[in-house]
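Look at the model first, then read the points below alongside it.

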Amino acid sequence: AKVVYGEAEVTDSDTEMAAVIWCILNRVDSKQYPDTIYEVITQPYQFHGYNPDNPVMSRIQNLCFDVIRRYEREKAGEQDVGRVLPKEYMYFEGNGRHNTFSTEYHGGKVWEWTLDSPYDN
């Protein structure tokens with residue numbers, strides 16, 4: 001929740017905030033990154049918006065729990081769990097208002113938001 005606050009709270013979009021969470025989980029699943037959420041988010045030079053002093057807002061915390069439940073269902077073999085970011089997207093950068101997700105660091109395919117979102121905004 002502290003990463004999402006620092007990286008995407010400004011978007012005021014549950015879908016965009018959920019994409020940050022999925023991006024983290026995509027890295028957890030990748031052999032290129034550590035195997036836990038904490039290790040992924042605290043890697044040096046990765047999530048500049050993470051600050052252990054960031055507030056834990058209930059809206060964001062609830063969203064994190066929702067995405068993690070969807071992720072667990074997907075890991076158990078369920079299809080169409082409401083993923084908003086495909087597995088190959090492990091990078092993003094922001095412009096101060098929105099994040100752009102990609103398959104490579106400073107390159108690759110850019111996500112075009114073509115999956116249905118289970119969130120209202």
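Phe47, Phe92, Phe101 and Trp113 form one aromatic cluster. The rings considered are those of Phe, Tyr and Trp (its six-membered ring), and two rings pair if their centres lie within 6.5 Å; planes under 30 degrees apart count as stacked, over 60 as edge-to-face and the rest as tilted. This is a predicted model, in which local features need pLDDT of at least 70 and side-chain atom pairs count only at pLDDT 80 or more, while totals for chains, interfaces and linings use all residues. Residues are numbered from 1 along each chain as its sequence is written, and side-chain values use heavy atoms, with hydrogens and water left out.

**Aromatic pairs**

- The ring rule gives a count of 6 aromatic pairs.
- One of them joins tyrosine 89 and tryptophan 111, which sit edge-to-face at 5.4 Å centre to centre, with 65 degrees between the planes.
- This pair links distant parts of the chain, 22 residues apart: tyrosine 89 is in the loop between helix 4 (58-75) and strand 1 (91-94), and tryptophan 111 is in the segment after strand 3 (107-110). Helices (H or I, at least four residues) and strands (E, at least two) are DSSP runs, numbered from the N terminus.
- Tyrosine 89 and tryptophan 111 are both buried. Buried means under 20% relative accessible area, exposed means over 50%, and partly exposed is in between (1.4 Å probe, protein chains only).
- Phenylalanine 101 and tryptophan 113 also form an edge-to-face pair, 5.7 Å centre to centre and with 90 degrees between the planes.
- That pair too links distant parts of the chain, 12 residues apart, with phenylalanine 101 in strand 2 (residues 99-104) and tryptophan 113 in the segment after strand 3.
- Phenylalanine 101 counts as buried because its relative accessibility is 1%, whereas tryptophan 113, at 34%, counts as partly exposed.

**Salt bridges**

- The whole structure holds 7 salt bridges, each being a side-chain nitrogen of Lys or Arg within 4 Å of a carboxyl oxygen of Asp or Glu.
- In one of these, the side chains of arginine 59 and aspartate 12 meet at 2.8 Å, N to O.
- Aspartate 12 is partly exposed at 43% relative accessibility, and arginine 59 is partly exposed with a relative accessible area of 36%.
- Arginine 59 has a salt bridge with aspartate 14 as well, where the closest N and O atoms are 2.6 Å apart.
- Because arginine 59 is in helix 4 and aspartate 14 is in helix 2, this pair ties together parts that are 45 residues apart in sequence.
- Aspartate 14 counts as buried, at 18% relative accessibility.
- Shared partners join the salt bridges of Asp12, Asp14 and Arg59 into one network.
- Glutamate 74 and arginine 83 form a salt bridge through their side chains (2.7 Å, N to O), and both residues are buried.

**Threonine 11**

- Threonine 11 is placed in the loop between helix 1 and helix 2.
- With a relative accessibility of 6%, threonine 11 counts as buried.
- The side chain of threonine 11 reaches the backbone oxygen of alanine 8 at 2.7 Å.
- Leaving out residues up to four places away in sequence, threonine 11 touches Glu16, Met17, Arg97 and His98; contact means heavy atoms within 4.5 Å.

Note on methods: Polar contact = N/O pair within 3.5 Å; in protein donor to acceptor, adjacent residues only side chain to side chain.
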